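Please look through the structure below with the sequence alongside.

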Amino acid sequence: MADYPLLSLVAAAPPGFRHCPSPAQAEVRRGIFALFAPTPEAGEAALQPYLGKITGLLVTPAPALRWERRPSGLHHAGIPPAWEGLIPDIIRPILELLALAQAQTDAKIGIERELRRAGEDRQRLVNEFAAFRESLLKEIAERRAAEEALRESEARFRVIFESVNDAIFIHDPQTGAILDVNPRTCEMYGYSRDEALRLTVGEISSGTPPYTQEDALRWMRRATQGPPRLFEWRARDKAGRLFWVEVNMRQANIGGQGRILVTLRDITARKEAEAKLRDLNLDLERRVQERTCDLESANQELEAFAYSASHDLRTPLQSIDGWGQALAEDYGDRLDKTGLGYLATIRGEAKRMRQLIDALLQLSRVARSEMSREPVDLSALATEMAATLRQHDPGRAAEIVIAPGLTARGDPVLLRTVLQNLLGNAWKFTAKTAAARIEFGQARRDDGRPAFFVRDNGAGFDRAFAAKLFLPFQRLHRQEEFAGTGIGLSLVKRIITRHGGEVWAEGEVGQGATFWFTLAE
Amino acid sequence: MRAASASTITADGYRAGCELAEPLRAAAPEVILLFASIDYQPEFPDLVAGLTETLGRTDVLIIGGTGDGIYETGRVAHRGVCALGLHSEGKLQWTVAVEKGVAANSFAAAQGCARRALASLGGAAQFAFVLADGVKADGTGIVAGLASVLDIPFFGGLAGDDRKFARSCLVVGGEVMEDAVAVLAARGELAFAVNAASGWTPVGQVGSLEQCNHNLIQRIGGMTAEEFLREQLGKNPSEVDLGIVPLAVYETAGEEHFALRTPSRIDPASGALTMFGSIPAGAPVRVCTASRAEVLAGVEAALTGVRQPPLAAAAAVIVVSCAGRKWLLEDQTKEEVERVFAAIGRRLPLIGFPSFGEIGPFRKADGSYTSCRFHNVTYVVCLLGT
């Protein structure tokens, strides 16, 4: 049985009680106690600081035995003075009961708190379970959606797989084993699907490098490590027939697994067509070469003939002119005016024919001569030409404008001939123009490349005949109007062509003309 | 070193204090560590009064705090109060320092507290145990603040409540306080070993924390924090993963040791994670996983660290486990303490509490320590010896 503090506010304490006029906290808060006081109120006053936190019994003298619970929470036992000697025995069961009650209260508080915590934990678990359930449902929904998407994707793939006109193989990326083939593969190779799934890639390849099992596995390794591979392959069907296929090999996720997807297209017909085309091209090239040789030979013969003919014609012409001169000198006094006129005509035509022959010879020489390539100061050449023209015709008051600093790479002799002809033509065709103006310069064409030009404001030409300008002996003006051989522009075109350039003309009748030319860089 | 522990679940503070005092009386404690469940918060003054009056001493240093339950040699409970009395037999000078204002600036408060403790001991200390308000303090800031002053391995934890995250409090002497950090420090000859371990294993790729705001983690490894978790886990992270999928936080890439950070909230809109404690920007992190068995094995790992190399003689055990571990282990909570007893026997007095964040270093095989870290879901154990 526990010992409970038995305290007394009054000095004359009952048996077992200790006089304690002012109980300390340690005496009344540690557990159950009894306090002997004159009145309950006096006892409560002494315990005032601890009321509400203590459980104890106030013992007071009373006319009769009584027991009550005080509003302060303390218990009160009134004991008649006659029984004072029995007080410890009387109150002990009460103190035991109070101790039991206190222990029960402690336990109750503990249980209440545990229950509260359990309730909170339960609610938390409910909340967590709800969150988990929601999360799980969401995950299930997402997974179902993903599975549905996968099923649809696989269904689409299967339709394509079954119906496409290319052979399709699905390989294991690790071993290279054939895991699936489509119907077109079976048609192409002549194997049933079951047979195809037991084959190695080497067995459906030509078997000679670089079309062996090892080569195929090497391609697969590359495909697993990088972008799709496109290459041609020499394949072999069940009957041993070799044929060409174009292979597209890539890694792919099929049914959630990493696979190698290979599509094959039979390109045998294309390869045969390519071979035929190659043979045709070779034949064509050979024929063009032969024809070019023939043409070159004929051209050379023609050039030689023209040169030879022109050269040979010069001698009788010189004789005609010479004999004409002799006739004029020795028999001129015996010829009447008409005869002298005929003689002058004969000599004039002979002279003109010699000029034509000289021009032809020059044209021929241009084609045959060796050509050099060096920097040429075109502005200086044009200035020189202009001076010569003025010297030969000092009475002309034409304005000649030459852009300075124009240079090009080419043969200086041939380029001199070009400028001589173009400036000479401009000089000639501005003879009847009041304020003649001739210009040599350079301008950018529509495509941005530079071109040289010789421009005049002379007679011009009908643009309908512009294409004929550069043909030999084609003249757009009458001889009486403007003299000439009709060779000059042919000569220009041939020289410009030999320099890798172009020449063309623009003009209108009475509006002048512009001759453009370019030279290769 | 003399030590004794006690615990009670008596609700009345004074009587609880008296009950705790009786077993401690033999140790004549100079210092008493006190851990209690949050329902004792209003009882602390009476509890301390009962304790000191029963001991008959007013000069005893008392430091304690609330947690989500108690661990004591004879009791592991949701609610109750436990105490450890220590007497250094004249070998130690003890002090307790307190600083308020952890909510505003955890680093500065901890720094001030450590300075105060050191000043009280004449500028040097060999031992430091720390408690801070676990609802208001940033554990990372607390550790950084202490480390800026203390050059010794210190340990402790953040006070908590019964999983409501509503309030936690410290008790120093008879005063109950919130928004505070307290340090128990000692100067003199004190042998102790402390170690932290969790049982979690980092998996997947290391990501660098690129964007954060205190404990709000926004971007890791070029993606949102949620995307990082999803990529590493291979599934969408959800509420159910919050307590069991922590991040391993390294001080430097490739480091063996790591502290854990547990997410407390996922913001699906921004992909940000709210963590129990901040992580320094730029820190390498990895997602961790563990089974219950592995979590329990973390206790043994922590004990291995404190026993190798061994102390000459151990006098008491202090454990700071995580409330999150308790929630995760559910009915296996007692098993943590049982593992301790299985390793070191039941003769040593032991107290501890489930905290809202653990503080401690990793002990190396040669007995030296790493820097002190702030942990989540981790077990910190300290053997006090002579």
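Two strands are said to pair if DSSP finds at least two bridges between them, and both helices (H or I, at least four residues) and strands (E, at least two) are DSSP runs, numbered from the N terminus. This is a predicted model, in which local features need pLDDT of at least 70 and side-chain atom pairs count only at pLDDT 80 or more, while totals for chains, interfaces and linings use all residues. Residues are numbered from 1 along each chain as its sequence is written, and chains are lettered from A, with ligands numbered from 1, in the order in which they are written.

In chain B, strand 8 (residues 127-132) and strand 12 (residues 180-188) pair in the antiparallel sense over six bridges, and within this pairing V130(B) stands opposite V183(B) of strand 12. Both strands belong to an open sheet of chain B, in which six strands follow the order 7-12-8-9-24-25 with mixed pairing. Because strand 7 (92-100) and strand 25 (373-375) of chain B stand at the edges with a single partner strand each, one side of each is left without a neighbour in the sheet. Neighbouring strands of this sheet are turned by 15° against each other on average, direction ignored; here axes are lines fitted to C-alpha atoms, for helices over the stretch in contact, and angles run from 0 to 180 degrees between N-to-C directions.

Which helix lies across strand 7, strand 8 and strand 12 of chain B? Helix 3 (residues 106-120) of chain B does, running at about 150° to strand 7. Helix 4 (residues 139-147) of chain B also packs on the sheet, where it touches strand 8, strand 9 (155-158), strand 12, strand 24 (358-360) and strand 25, and its direction makes about 160° with that of strand 25; two residues are in contact if their C-beta atoms, placed from the backbone, lie within 7 Å. Helix 4 of chain B is mostly covered, with seven of its nine residues buried, where buried means that 20 or more other C-beta atoms, placed from the backbone, lie within 10 Å of the residue's own. Among these buried residues are I142(B), V143(B) and L146(B), and the buried residues of helix 4 pack against helix 3 of chain B as well as against strands of the sheet, including strand 8 and strand 24.

Elsewhere in chain B, six of the seven residues of strand 1 (residues 2-8) are buried, so this strand is largely enclosed by the rest of the structure. Strand 1 and strand 6 (residues 81-87) of chain B pair in the antiparallel sense over seven bridges, with S7(B) opposite C82(B) in strand 6. For chain B as a whole, there are eight helices and 26 strands, and buried residues make up 60% of its 386 residues.

The contact between the chains takes 17 residues from chain A and 18 residues from chain B. Helix 3 (87-163) and helix 1 (25-28) of chain A each supply at least two residues of the side of chain A that touches chain B, and helix 3 of chain A gives the most, with eleven residues. By class, this side of chain A has four nonpolar, four polar and nine charged residues, where Ala, Val, Leu, Ile, Met, Phe, Trp, Tyr, Cys and Pro count as nonpolar, Asp, Glu, Lys and Arg as charged, and the others, Gly among them, as polar.

Definitions and conventions
Buried ≥ 20, exposed ≤ 12 C-beta atoms within 10 Å, placed from the backbone.
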